[in-house]
Each structure stands twice: as C-alpha cells, then as structure tokens.
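These are my notebook entries on a structure that I looked up. I record what I asked and what I found.

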Protein chains: 2
Amino acid sequence: MSFSIPAEFSSRLKTLFGERCSDNASVREQHGHGESHHAVAPPDWVVFVESEADVVALVKLCDEFGVPMIPFGAGTSVEGQLQALHGGVSVGCSRMNRILAVEVNDLACVVEPGVTREQLNHHLRDTGLFFPVDPGANATIGGMVATSASGTTTIRYGGMKHNVMALRAVLANGDVVTTGSGARKSSAGFNLTELFTGSEGTLGIITQARLKLYGIPEAVVAARAQFPDVERAVRSVIDLIQSGVALARIELLDHNALRAVNRYCKTTYPESPTLFLEFHGTPAAVLEQAEMARMLCEEHEAAGWTQTDDETEKKRMWHARHNAYYAALAEVPGGKGWVTDVCVPVSRLADCIGETQADLRLEGLQIPIVGHVGDGNFHLLFSLKEGDGDALAQAQRINQRLIQRAHAVGGTCTGEHGIGVGKKAHLVVEKGAATVAVMRTIKQALDPKNLFNPGKIV
Amino acid sequence: MSFSIPAEFSSRLKTLFGERCSDNASVREQHGHGESHHAVAPPDWVVFVESEADVVALVKLCDEFGVPMIPFGAGTSVEGQLQALHGGVSVGCSRMNRILAVEVNDLACVVEPGVTREQLNHHLRDTGLFFPVDPGANATIGGMVATSASGTTTIRYGGMKHNVMALRAVLANGDVVTTGSGARKSSAGFNLTELFTGSEGTLGIITQARLKLYGIPEAVVAARAQFPDVERAVRSVIDLIQSGVALARIELLDHNALRAVNRYCKTTYPESPTLFLEFHGTPAAVLEQAEMARMLCEEHEAAGWTQTDDETEKKRMWHARHNAYYAALAEVPGGKGWVTDVCVPVSRLADCIGETQADLRLEGLQIPIVGHVGDGNFHLLFSLKEGDGDALAQAQRINQRLIQRAHAVGGTCTGEHGIGVGKKAHLVVEKGAATVAVMRTIKQALDPKNLFNPGKIV
C-alpha cells in the first residue's frame with residue numbers, strides 16, 4: 001500500500017526543514033503508532049514543525065507531490081490514528097508548544113497544538129484558572145481537539161467540543177482558516193470549529209486553538225464508595241444525576257480494575273465495584289452536595305463512604321484512577337494495551353456493563369472495566385502479549401460483541417477514543433451508509449487528493 | 001431572480017399533498033418573512049409536511065424540477081432566513097409537532113421539528129424535567145436547531161449546539177441521515193450534529209431532534225440590581241463569572257430598555273442599567289450564590305438589590321425581560337422590528353456597549369439595549385416605521401459600526417440570530433474569504449443544485 005516518496009520531494013523537504021526533518025528508522029517507528037495494539041506503520045519522514053509557516057510550507061510541498069500527512073501530538077491515541085497507512089510525512093507538533101495568550105478576564109487562552117494539558121495547567125497555576133478536559137494521558141491540545149477528547153470531568157465541564165472556542169488550521173490548498181472567534185458564542189455560519197474537532201487530522205492541520213478556561217473551584221471534595229455490584233453503583237449514578245447533584249467527576253472502577261490498581265499503585269481499596277466522585281464549588285455547597293450523594297449512594301447499599309478535601313489524599317485517589325490503564329497493562333508481564341470504549345444511554349449502562357462482565361467471565365477473563373459513568377461511557381482495558389494471536393482474536397470478539405451491545409441500546413462505538421482505523425466498520429453500522437457518505441463527501445470536498453491522514457474515519 | 005415554477009411541478013405537488021399545499025397569496029406572504037425588517041419574499045408554494053416521508057417525497061420532487069426549498073418553523077427568525085429569494089417551496093413544519101419520546105432516566109427526549117419550546121416544556125411539566133434553551137420567542141425546535149439558538153439560560157445550560165444530541169435530516173438526494181446517537185457523548189466520526197445545527201436550512205431539512213433535558217432545579221431565586229452605568233454592571237458580571245458564582249441567567253437591560261418595558265408591561269423598575277439574575281440549585285446553594293452575587297454587585301455600586309423565590313414575582317420579572325423586544329417595537333407606533341446582535345469577549349463588553357450608546361446618542365436615538373451579558377452577547381432593538389428609508393439607513397449605519405466594533409475586539413457579528421441574508425457580507429469580514437470558501441465548499445458538496453434555502457449564509 002505504501003506510497004513511494006520521490007527523491008525530489010525528499011531533497012526539497014531537507015532544504016526546507018534541515019535538521020527538523022528525519023528519516024531515521026527509530027524516529028519513524030516512534031511516529032508510526034499510538035498507545036495501543038494497532039500495528040506500527042511508520043511514515044517515510046518525520047518533520048518537526050515549529051510554526052504555522054512551517055505547516056503551510058509542508059502542506060504545499062506535500063500537495064505538490066501527493067504525499068500524505070499525519071499530524072502527531074503526544075502519540076497517546078489508541079485507535080490507530082497515527083499509522084502511516086500510505087506512508088508519507090508525520091507532522092510532529094511537539095515543538096509548536098507555545099502558550100500564546102492567557103486572557104484572564106475572558107477565561108480563555110490561545111495555544112499552539114503541541115502544548116500538553118499538563119503544561120497548560122502548570123502555566124495557568126498562578127492565574128486561578130484551569131483547563132478542565134482530562135483524558136487521563138498527558139495528551140497535546142492538538143491531539144485532544146483532533147480526537148474530540150473528553151474524560152473524567154466531562155460531566156461537569158464538557159469535552160473538547162464544548163471547550164474549543166476557535167481553531168486555526170491549514171487546509172489542503174495551503175490556505176489558513178480561522179474558525180470561531182473570541183466571543184463565547186456565535187451563530188455566524190457553519191460550525192467549523194466543531195467540524196474540525198474530532199476530525200482526527202483528516203481535514204487539515206490544526207495550528208492554534210482558543211480554549212475556554214474555568215476558575216479553580218474554591219472548594220474540592222473527593223469521595224468514594226463501594227457497592228455490592230455494578231448494577232447498584234450505576235443506579236446511584238442515575239439517581240445522582242436526576243436529583244441534580246452537581247458532580248464534577250463520577251468514575252466507576254469494577255473489582256478487576258481495583259485489583260489491578262491496588263497491585264500497581266500499592267493502594268488498599270476494597271476490591272468491589274467503586275465510585276470515585278468529586279464535587280467543585282463553594283465550601284458550603286460541596287459539603288451539601290457530598291452529603292446528598294452519600295445518602296443517595298447508601299440507599300443503593302453503598303458501603304465505606306469516604307470523603308476528603310485533603311490534597312494528598314485526593315491526589316492519591318485520582319492518581320490511582322488515572323493509572324488504571326497502566327495497572328491493567330501490568331497485569332500481563334510485557335503486555336501491550338488493547339483498549340476499547342463505548343458510550344450508551346445511562347439507563348442502559350448497568351445492563352451493558354453487566355452483560356459485558358458476564359461475557360468476560362464466559363471467556364475466562366478478568367479484564368478491568370473503568371468508566372466515566374455519568375456520561376454512560378466505559379472502557380475495557382485488555383493487556384495482550386505481543387504476538388499472541390489467540391488472545392488478540394479473543395479481545396476482538398469481545399469488542400465486537402461489546403459494540404453490538406452498545407448499538408442495540410442506541411449507544412455509540414466510541415465515547416472518546418475516536419474511529420481511527422480500529423472502528424471504521426463499526427462507524428458504518430452505527431451511522432448507516434448514508435451518514436458515512438456525508439462524512440466522505442465532506443472529506444473529499446475539503447481534501448480532494450486525500451492527503452490528510454488517509455484511511456482514517458472514512 | 002424568482003425561479004419560474006413549471007406547471008408539471010405544481011400539478012405533481014398537488015397530487016402528492018392535496019389540501020396540504022397552498023399557493024394562496026396570504027399563506028405565501030405569511031411564509032415569506034420572519035420577525036424583522038427584511039422585505040417579504042414569498043415562496044411560490046407552501047407545503048405543510050406531516051411526516052418524514054412527506055419531506056422525502058417533497059425533496060425528491062423539488063430535486064427533480066430544481067425547485068428551492070425553505071424550511072419554516074414558527075417564523076421568528078430575524079435575519080431574513082425565511083425569504084424565498086429564488087421562489088420555490090416553503091416547507092411548513094408546524095404539523096410535524098409530535099413529541100416522540102421522553103426518556104426520563106436518560107434526561108433526553110425526541111421531538112419532531114415543529115414542536116415549540118413552550119409546547120415541549122408544557123409536555124414535560126409532570127416529569128420534573130425541562131428543556132432550558134430560551135431564545136425568548138416561542139420558536140420551534142427545528143428553527144432553534146437551524147439558527148443555533150441560545151438565550152437567557154445559555155450561561156448555565158449552553159445553547160442548542162450543546163443540547164442537541166442527534167438529528168435526523170433529509171438530504172438533497174432524498175437520503176435520510178442520522179447524526180449522533182442516544183449516548184451523551186461520542187467520538188464516532190465527524191460532528192455532523194453540530195454541522196447541521198446553525199446551518200439555517202442550507203444543508204438539509206431536519207425531521208427529528210434528540211435533545212438533552214435537565215432536572216427542574218429544587219430552588220430558583222431571581223434577583224435584580226440597578227447600576228449607575230453599564231460599565232459597572234458589566235464589571236460586576238466579570239467578577240461574578242470569575243468568582244465562580246453559579247449563574248443560571250444574567251441579563252442586562254439598559255435605561256432605554258427599562259423605560260420601554262415599564263411602559264409596555266406596566267412595571268415600575270428604576271430606569272437605569274439593571275441586571276436581572278437567576279440562580280438554580282438546592283435551597284442552601286441558591287441563597288449562598290445570591291448572597292455572593294449581591295455583595296459583588298454592591299462592590300460595583302449596585303443599588304436596590306431585590307431577590308425573590310416567589311413564583312408570581314419571578315414570572316413578572318422574566319415576562320418583562322422577554323417582552324423587551326415587543327416593548328421596543330411599541331415605542332414607535334406601527335413600528336416594525338429591526339434588531340441586531342453581536343457577541344464580544346466579556347472583557348470588552350462594557351466598552352463595546354458604552355461606545356454603542358454614545359453612537360446612538362450622537363444619532364439622536366434612544367434605542368433599547370438588552371443582553372445576555374454573561375456570554376458577552378447584546379442586542380439593539382430598533383423599531384422602524386414601514387417605508388421610512390432614512391430611519392432604515394440610519395439603523396444600517398449604526399449596525400455597520402456596531403459590527404465593526406465587535407470585530408475590532410475579536411467578537412462575532414451575531415451571537416444568536418444567524419447570518420441569513422442580513423449578515424452575509426459581515427460573515428466574510430469576520431471569517432475571511434478562505435473560511436467562507438470552506439463553508440461554500442461544504443454547501444456545494446452536500447447540495448450541489450443549491451436547492452436548500454439558496455442565498456443564505458454563503
């Protein structure tokens with residue numbers, strides 16, 4: 001399948017980018033995959049862009065020679081978004097990592113795509129503001145825009161779709177477009193910001209993002225409670241949401257996830273289905289909310305309610321949650337991550353997780369399940385030995401049934417990982433051929449030579 | 001410009017729709033305009049669709065004969081979105097007004113496009129849920145999707161873009177597509193829901209919408225306070241937002257708006273710049289929030305802080321706010337509405353309103369200004385006598401300068417009214433030719449014969 005790179009292209013590329021481009025095998029290998037099982041597909045070149053002008057020059061050169069481009073942030077995607085299926089250039093954005101503006105009075109900032117979310121929040125620490133979207137990994141903002149990332153705080157603050165105000169992007173013809181504005185809302189023309197958010201690098205290369213920021217809440221209380229089963233944990237979630245308790249985070253870890261976390265993080269959490277919660281607000285409000293949550297959870301037989309505003313304890317708890325993925329990997333020595341996520345209506349979540357657990361039991365597996373359950377979103381964290389074809393086939397079978405289960409209740413094949421190459425077939429089942437045809441029409445109209453991350457999504 | 005309708009088209013239309021289509025002059029006239037100054041441009045036919053199958057049949061017929069289609073909801077748009085610039089068929093959606101499902105456990109509902117927001121909230125009243133987006137007018141959901149409507153509660157609940165989970169729409173080729181899913185979030189492919197939201201009928205005809213619902217808050221407290229000037233009112237807004245006070249509504253009415261409202265609604269509000277606020281939450285939380293708000297407003301010399309949880313008083317207050325538009329019209333006997341809105345970064349809002357007031361004073365006018373100031377969005381409510389060319393030219397001049405002022409500070413030419421025909425030139429100035437070209441490319445790709453609401457947006 002791989003496209004053969006003309007020598008003239010390589011020579012022009014070296015003239016343009018000098019030391020900033022590389023065809024070194026290990027650099028190419030590193031840019032040919034994300035954090036998942038998908039096979040490495042290295043690009044022919046890696047270019048480390050440092051400015052929008054670099055991106056424009058690169059896009060024009062690639063357009064001239066018909067060379068594919070795959071934008072690369074921190075390499076944390078999991079559905080094969082970074083594979084250079086048709087060769088070409090990986091556009092490394094890590095050096096475009098300037099924070100261009102923090103507009104404290106407008107609760108907004110402007111960043112380059114290579115800024116990571118931890119870098120941004122570190123930079124913001126003295127302003128009293130923070131950027132809330134938290135997919136777990138220390139991804140780049142550009143990557144988070146591209147995959148329409150969300151995470152633990154989405155129930156309160158929304159995902160990327162709700163927090164990107166505007167983008168600058170370089171199109172196939174080298175044009176630079178600005179979507180959105182400095183205003184917090186607008187009805188001016190098509191919602192291109194939202195169209196580019198989640199487009200996984202297939203429509204253009206993002207060079208700048210304006211993001212919404214939030215005041216760091218005056219008080220933050222974290223809590224956890226364990227339940228006899230997932231059913232009752234999820235019932236509590238539904239009641240909490242309906243009763244209007246202001247949740248900032250509500251995460252489920254099943255018994256397998258807690259066992260893995262306890263081993264990996266040296267914690268001693270009870271190994272039964274557990275909700276990790278967080279409340280943001282004024283001191284009085286968070287205590288009121290936490291108390292309402294405790295009562296509702298205990299109505300569903302929650303035990304061991306623990307709540308804390310101690311920084312160290314809160315950090316330990318969220319550190320454990322964020323390390324669930326790595327804890328799951330460590331369950332299989334030398335294992336490689338194979339993760340999947342679905343999102344379903346919350347009313348169907350308990351059934352969906354319950355049936356998935358039964359499926360895993362039937363297959364003789366103890367795979368951790370963790371979820372942003374307030375959104376109806378959960379993950380299966382497989383850890384597979386390299387080259388273990390049987391285990392891979394088994395994971396694929398279970399994933400297939402998981403997605404069928406999600407579709408059967410009106411859910412989606414991915415809540416936050418994106419389509420990449422891993423879920424292209426599922427996208428067609430979910431949306432129908434006519435809807436995917438609309439996506440393909442848009443892709444073809446904006447990238448007629450199919451040079452931006454070809455082979456992904458559609 | 002008007003397209004000549006072939007006799008065969010009309011005869012086929014009558015066969016298909018019988019009594020449900022009309023070429024009666026007054027019906028056509030009524031469907032040729034919204035609630036604004038834009039000249040009436042009646043369609044050749046009005047068809048009252050009753051089902052998605054009707055819409056598909058109509059679209060196929062129009063496609064066959066190259067006849068334009070303009071979807072019509074409640075007729076409350078203000079930027080000329082409903083003008084049949086090239087003749088054709090107005091697709092009246094008022095009879096597609098079924099509420100198809102209310103999913104209480106999932107805080108969601110599914111409705112046809114002709115359902116109005118008041119109808120929906122009336123239907124929901126026994127469920128403890130409500131749909132929050134409130135543009136003032138009793139618009140249809142389809143129309144609110146099409147113009148990406150927002151309003152008084154957007155600061156807390158977001159606008160349509162944030163509250164539409166999925167759409168069904170009929171495309172130019174007669175295909176029916178489903179965007180989104182029953183899940184509250186998804187990363188599955190391009191964000192078509194958001195692309196269709198705000199497309200003003202130019203990409204297809206919406207036949208169904210799945211919406212997010214919210215629990216009716218346990219406690220609702222409304223408050224108001226008047227300020228010596230707009231500057232101090234807006235300073236208070238910035239402080240309130242930064243301090244994280246949970247505002248459900250924060251509306252500014254300037255002295256001209258209050259004078260008009262007092263006359264029209266027989267109220268006696270002090271006629272100086274005033275904030276109308278609302279807080280939603282638990283009884284303790286709303287009192288805490290209201291108290292914080294009072295203190296912050298009084299730091300900016302607010303006087304006459306009044307707060308209430310009395311239903312009648314709250315209704316009177318929001319009735320007054322919602323009638324500001326009609327109150328402004330009534331200032332000029334026989335006047336017709338000529339409204340415009342911009343949205344700017346909140347830090348620039350005080351300057352922007354102040355300069356606009358100065359401009360109005362220089363022009364010798366006392367035009368009411370009202371705004372969803374938490375979002376940086378405000379409206380000028382002109383009332384013009386039919387045929388008064390001088391007054392129209394003056395309003396256009398002032399609007400031109402208003403939009404230049406918004407653009408100069410990074411704002412947008414419309415926060416919630418849309419582009420229609422009224423702001424097409426401003427869209428190009430705001431976004432640049434390259435970005436508008438992207439919109440046009442998408443429009444052409446999805447509607448190659450340009451039959452869906454031609455002449456709007458791009």
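In which order do the 4 strands of the open sheet in chain B stand? I read the order as E1-E2-E4-E3 in chain B, with mixed pairing. I took strands as DSSP runs of type E with at least two residues, and helices as runs of H or I with at least four residues, both numbered from the N terminus. Two strands pair if DSSP finds at least two bridges between them.

I noted that strand E1 (21–22) and strand E3 (69–72) of chain B each have a single partner strand and stand at the edges, so one side of each lacks a neighbour in the sheet. I then followed E1(B) to strand E2 (residues 45–48) of chain B: the two run antiparallel and are joined by 2 bridges. In this pair I found B:Ser22 opposite B:Val46 of E2(B).

Conventions and confidence. This is a predicted model, in which local features need pLDDT of at least 70 and side-chain atom pairs count only at pLDDT 80 or more, while totals for chains, interfaces and linings use all residues. Residues are numbered from 1 along each chain as its sequence is written, and chains are lettered from A and ligands numbered from 1 in the order in which they are written. For chain A I recorded a mean pLDDT of 96, with 99% of its residues at 70 or more; pLDDT is the predictor's confidence in each residue, from 0 to 100. The model scores are ipTM 0.96 and pTM 0.96.

Chain A. I listed 17 helices and 18 strands in chain A. Its radius of gyration, taken over C-alpha atoms, is 22 Å, close to the 23 Å of the globule rule for 458 residues, so chain A is as compact as a globular protein of that length. The rule is 2.2 Å times the number of residues to the power 0.38. The C-alpha trace of chain A spans about 70 × 55 × 45 Å along its principal axes.

The two chains. I superposed chain B on chain A by a rotation of 180° with 0.0 Å of shift along its axis, at RMSD 0.0 Å (least squares on the C-alpha atoms of residues with pLDDT of at least 70 in both copies). That is the relation of a two-fold axis. How many residues does each chain give to the contact? I found 76 from chain B and 76 from chain A, with contact meaning C-beta atoms, placed from the backbone, within 7 Å. H17(B) gives the largest share of the side of chain B that touches chain A, 8 residues.

Conventions:
Two residues are in contact if their C-beta atoms, placed from the backbone, lie within 7 Å.
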